[in-house]
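Today I opened a new model and made a few notes as I went. Have a look along with me.

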Amino acid sequence: MEFHDPPISASQSAGIIGKLFCKFILKYLFLIGYICRNFTESSALLTRTHINYGVKGDVAVIRINSPNSKVNTLNKELHSEFIEVMNEIWASDQIRSAVLISSKPGCFIAGADINMLAACKTPQEVTQISQEAQRTFEKLEKSTKPVVAAISGSCLGGGLELAVSCQYRIATKDRKTVLGTPEVLLGILPGAGGTQRLPKMVGVPAAFDMMLTGRNIRADRAKKMGLVDQLVEPLGPGLKPPEERTIEYLEEVAITFAKGLADKKISPKRDKGLVEKLTAYAMTIPFVRQQVYKKVEEKVRKQTKGLYPAPLKIIDVVKTGIEQGSDAGYLSESQKFGELAMTKESKALMGLYHGQVLCKKNKFGAPQKDVKHLAILGAGLMGAGIAQVSVDKGLKTLLKDATLTGLGRGQQQVFKGLNDKVKKKALTSFERDSIFSNLTGQLDYQGFEKADMVIEAVFEDLSLKHRVLKEVEAVIPDHCVFASNTSALPISEIAAVSKRPEKVIGMHYFSPVDKMQLLEIITTEKTSKDTSASAVAVGLKQGKVIIVVKDGPGFYTTRCLAPMMSEVIRILQEGVDPKKLDSLTTSFGFPVGAATLVDEVGVDVAKHVAEDLGKAFGERFGGGNPELLTQMVSKGFLGRKSGKGFYIYQEGVKNKNLNSDMDSILASLKIPPKSEVSSDEDIQFRLVTSFVNEAVMCLQEGILATPAEGDIGAVFGLGFPPCLGGPFCFVDLYGAQKLVDRLKKYEAAYGKQFTPCQLLADHANSPNKKFYQ
Amino acid sequence: MTAILTYAFKNLPTTSKWALKFSIRPLSCSSQLRAAPAVQTKTKKTLAKPNIRNIVVVDGVRTPFLLSGTSYKDLMPHDVARAALTGLLHRTSVPKEVVDYIIFGTVIQEVKTSNVAREAALGAGFSDKTPAHTVTMACISANQAMTTGVGLIASGQCDVVVAGGVELMSDIPIRHSRKMRKLMLDLNKAKSVGQRLSVISKFRLNFLAPELPAVAEFSTSETMGHSADRLAAAFAVSRLEQDEYALRSHSLAKKAQDEGLLSDVVPFKVPGKDTVTKDNGIRPSSLEQMAKLKPAFIRPYGTVTAANSSFLTDGASAMLIMAEEKALAMGYKPKAYLRDFMYVSQDPKDQLLLGPTYATPKVLEKAGLTMNDIDAFEFHEAFSGQILANFKAMDSDWFAQNYMGRKTKIGLPPLEKFNNWGGSLSLGHPFGATGCRLVMAAANRLRKEGGQYGLVAACAAGGQGHAMIVEAYPK
């Protein structure tokens, strides 16, 4: 038997999209600090539910602990309790300083309550929320009694804005402690003074970086930046559980600093490094400042293509604060905050956030048996990628390949993936080695008798998959799940030869597996609930965002992509330059241009998928002439992997040139464009509507269980523009009727490929119908 | 804890007398045991095991332990080791040819004498027919040397073994950087002028940056002092408690030194310098002075300071171990039996220095003894915070249940029996040599104070630990 390195599949294309895309926005979405909680008014207002304080000597220790939640969120209740508590502290003669700390080990304050913003109907309401917070934090900043923020766990969004308003910050130096302003990822801005305080605290360039990327900053980095003043090392076992004692220790240390600040023995001012001093000096020169604004703005415009309003507003607000003073800055911050919260982009991004939270849960419940031993067949790009995300979560993983060379390549891939983290200081070399020892490479089935789950990632060939399945079933224990990592082969066909089809499931990973967050799990009619629960549990352990779909040709993700790809071919046949096509797609919000996408996916793979799905769906998946792909394959233009596709790829050359040899192929297949549907906008919409229509059809046919999963799958797996929130969110925001109108226009020109599906038509007919109520 | 400590301090001058009162112990147990009241009864009369050879310490010596950078600073490690070996030869008058084997422990190795045991033995005049090897196990290297010897004797391979250890922190191997080393090796291999020039052309100035041996865990990159500070914090050991304990160590060491109790120390005539006769790191200070020091590792709020940590030390120790029958046949009067021992290891990050806590109950259980049976505790004092954290761990049911898989706590070693003649904090801690010092201190204390069982325990880098029972040889 042979295991081949699976050729890059459709899913991998998505991976590449994702990779580029991640850089801008989605990478950190899952860490976002906005948490939704339904706050009920049940608790009596007389007793404080979120915040309490005690006095130790002359130091007030304010403890935040929102009830019935793993995290603290900044909502109206917490806010008003905080004001009450601070007023008491300011009024007390006994108290000279204060420590602000959370009682929850993994969380200081994870951010503002997203629902509080969602409930607002007008920008003015949102602005008002912002202004209230601004006032409280300003009062805190001006407090004559020093307040020390003792930070352990996530300190994000409004939580960070609160912390930077305190006189001093001490943070635990552990992996859970992260600081950041992720507002931009939700299409809004830090609205509680963050845009005004951060530039002063960490310098303008660093503040822009924080606010425009929304990235999470670890405690040690935060210390270097000047975002926190002291670090506290996490403690190990002592006379209490380590987390508990660490918090207690943090509090003790914070109290000594609070006393020191009150006694003026410690200065809240920080010694700045030379580089910092120079930067600060440079920023006092108006010309330099203008240049910085300009540079940042250019970069943002280039990256967002003007599709995301929040980053530009952030720049604007920071600029206002610096150039016109803080009063103007605060005013601008609160107003822009209100405006942004009402934008479609913000709603789309918040929708994605909700969907993503949903897709991080196991709706099948806990599996009967935890998967501890995992076996992976095929050490190709996918197999090794799956191995990497498994071993670093502590799963004992067997990686089997047919040849020593193939296996060695796979092992090297895993090692490199881990070693890259060492270079970025996310892991120590010791941790890398110990994680790597969870991986066993082998050429035989030794140890499979202990496997709880086998994931096969062999070549996409049904007869090979059948052979592998039979071989594996001969050696694995009864409870072991057999998962197939395929991007298009129907799972029920693979399971057809299984002795135990209830244990067979599809797990469609996206390449590169360690970067792409999506996992598409495919269940057949026969797949048992426990098997699904097991697969989801493993996926969650691997850190994936998971959608669970029903079996069918192309499942959900590959199926949505196929009609769009077909349309790409037609557009090229109609004479649109690949470069032009790329810029049309990227300016619509796709992270990778459509022609580049085909090159990245691999022309042969695109051909394969087009043929398979073409057979399954017939005329509906028609459009461009597959002959284009066939000819490209026959000339060896397989895309990036062969060095030539629509473009020419050369090692070390950044700007790729068009492949001039394509001219003759394109010329031979040229069809006349139809002028009524060939404007730039029409071209964009022909691509998007074919995608969206297919997605809605997947929901209609029950392939998808929920629109949220459809949106998450499209955005996280295929690079659907996040500013549109995914195909379903897009239908809601853009309007089903308008989309149907467009589809009908294209249907008139091209036929069945654009016939709106029933569900979409239903939505168009009753304007009150929404995918998200 | 503070209370206990201050109590001990106030009573310092009387401690030994007071301790003596309680520990006038049946030394030749059998006859006295019958007469002794029930509370005084040892759980076991002796730890001899059927069909296993009894192993005895004939005697042991050490060079004075010196602050690194003082009198031994121009020596090499094997010089100091040789001084201990010649001292042992002199003290025991053992005929060189009866020594079957020599084992030394060391931690930071001098590359030129990587088997320092052999180099020192040759120079000390041992027979060149006596094999020697060097072991390393961080701060319990000498313990490993001793127990390796015990193994050789118990298995019948040897009858007479010399075990010891050495450390010279005055000189440590500072290396060229890996890049520079590679360049130099490549240069060595280059044949033609052209090849040489091409190798030389790769030279960059930063290649000259030296590589220092770190006193940090390889696995976690955390220095030991840092870990000790975190450990102290985890067990809520205060700065004052740590300073008090360090002061106790120095005061007791001073007293022991003044009273001439440190009889294992042999004078060392250092070439070109005066003869060194005593440890030079014993410096009892005052709590006020100690409180002035800034934290050494976790700044600015940590609790571990230079004053409550053991210091970098030069020194060597050596000990003559024999099968009991051999010793008796040669007419020796041994000092002690080496009995059960135990090595343990745990998480090198958060429990780096908790070795004694883990090892103590295990070795006691193995020997069938209880804490009450121990008359002399000799624990390695890496840091005050480490000793006190171990105390708190040993005194905690919670810790025993959650981390040691025990139902109840081990219990505190009574302070009046604990490191009565000072410890590593005050006497010094040459990494590779401390183990033998602990055993000799236990043996000598049992003889002096009158007791039967001593317990030696130590922690070591890598999250390892060791404990051993020393039984007084009947007088």
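My entries below go from chain B to chain A.

**Ground rules.** I am reading a predicted model, where local features need pLDDT of at least 70, side-chain atom pairs count only at pLDDT 80 or more, and totals for chains, interfaces and linings use all residues. Residues are numbered from 1 along each chain as its sequence is written, chains are lettered from A in the order in which they are written, and side-chain values use heavy atoms, with hydrogens and water left out.

**Chain B.** I looked up its helices and strands (DSSP runs: H or I of at least four residues for helices, E of at least two for strands), and found 17 helices and twelve strands in chain B. The radius of gyration of chain B, taken over C-alpha atoms, is 23 Å, close to the 23 Å from the globule rule for 475 residues, so chain B is as compact as a globular protein of that length. That rule is 2.2 Å times the number of residues to the power 0.38. I noted that 58% of the 475 residues of chain B count as buried, meaning under 20% relative accessible area with a 1.4 Å probe, protein chains only.

**A record for chain B.** An unreviewed UniProt entry places "domain: Thiolase C-terminal" at residues 332-471 of chain B; such annotations may be inferred rather than shown by experiment. I found this span to be 37% helix and 23% strand.

**Chain A.** An automatic or database assignment gives domain 1 (51-342), domain 2 (373-552) and domain 3 (557-765). I noted 41 Å between the centres of domain 1 and domain 2 of chain A, over C-alpha atoms.

Notes
Buried < 20%, exposed > 50% of the residue type's maximum accessible area, 1.4 Å probe, protein only.
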